[in-house]
Amino acid sequence: MDIKNAQLNVDEWIKNHGVRYFNELTNMAQLTEEVGEVARIIARRYGEQSEKESDKDKDLGEELADVVFVVLCLANQTGIDLQEAFDKKMEKKTKRDHDRHHNNEKLK
């Protein structure tokens, strides 16, 4: 599914299963919370912190999907065409960073 269709899918879900979008500030707080859950899994599973027994069943993919869902909500309610914005960002990064990473001694 492309981003445009994902935005439409989320909007349809909100209309059918949610009462309405949470306001932008609430969604920003939710996004922060979801990113924190991703950070916790990464820090404990791939970083140097020990993983608590209660965290071992956490699904990183599910938590990343939660982040994407809230980002799509924010894009919808602020009128952002995220597909267009993402495509522009990729074009900008491609032009700007084409040789940058290949020439970075730290990455060799």
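A salt bridge is a side-chain nitrogen of Lys or Arg within 4 Å of a carboxyl oxygen of Asp or Glu. In this predicted model, the structure contains twelve salt bridges. One of them joins Lys-4 to Asp-81, with the closest N and O atoms 3.0 Å apart. Lys-4 belongs to helix α1 and Asp-81 to the loop between α3 and α4, so the pair ties together parts 77 residues apart in sequence.

Helix α4 itself covers residues 82-97, a total of 16 residues. The distance from its first C-alpha to its last is 21 Å, close to the 22 Å expected at 1.5 Å a residue.

Helix α1 (residues 3-17) packs against helix α3 (residues 60-77) at an angle of about 85°, and the two axes are 9 Å apart. Angles of 65 to 115 degrees count as roughly perpendicular, so α1 is roughly perpendicular to α3. On the α1 side, the contact involves Ile-3, Ala-6, Gln-7, Val-10, Asp-11, Trp-13 and Ile-14. These residues meet Phe-69, Leu-72, Cys-73, Ala-75 and Asn-76 of α3. By class, the contact of α1 with α3 comprises nine nonpolar, two polar and one charged residues.

Asp-11 lies in helix α1. Apart from neighbours within four places in sequence, Asp-11 is in contact with Tyr-21 and Asn-76. With Tyr-21, the side chain of Asp-11 makes a polar contact to the side chain at 2.6 Å.

Definitions and conventions. Residues are numbered from 1 along each chain as its sequence is written. This is a predicted model: local features need pLDDT of at least 70, side-chain atom pairs count only at pLDDT 80 or more; totals for chains, interfaces and linings use all residues. Side-chain values use heavy atoms; hydrogens and water are left out. Helices (H or I, at least four residues) and strands (E, at least two) are DSSP runs, numbered from the N terminus. The expected span of a helix is 1.5 Å times one less than its number of residues. Axes are lines fitted to C-alpha atoms, for helices over the stretch in contact, and angles run from 0 to 180 degrees between N-to-C directions. Angles under 35 degrees count as roughly parallel, over 145 as roughly antiparallel, 65 to 115 as roughly perpendicular and the rest as oblique. Contact means heavy atoms within 4.5 Å. Ala, Val, Leu, Ile, Met, Phe, Trp, Tyr, Cys and Pro count as nonpolar, Asp, Glu, Lys and Arg as charged, and the others, Gly among them, as polar. A polar contact is a pair of N or O atoms within 3.5 Å; within protein, one must be able to donate a hydrogen and the other to accept it, and residues adjacent in sequence count only if both atoms are side-chain atoms.
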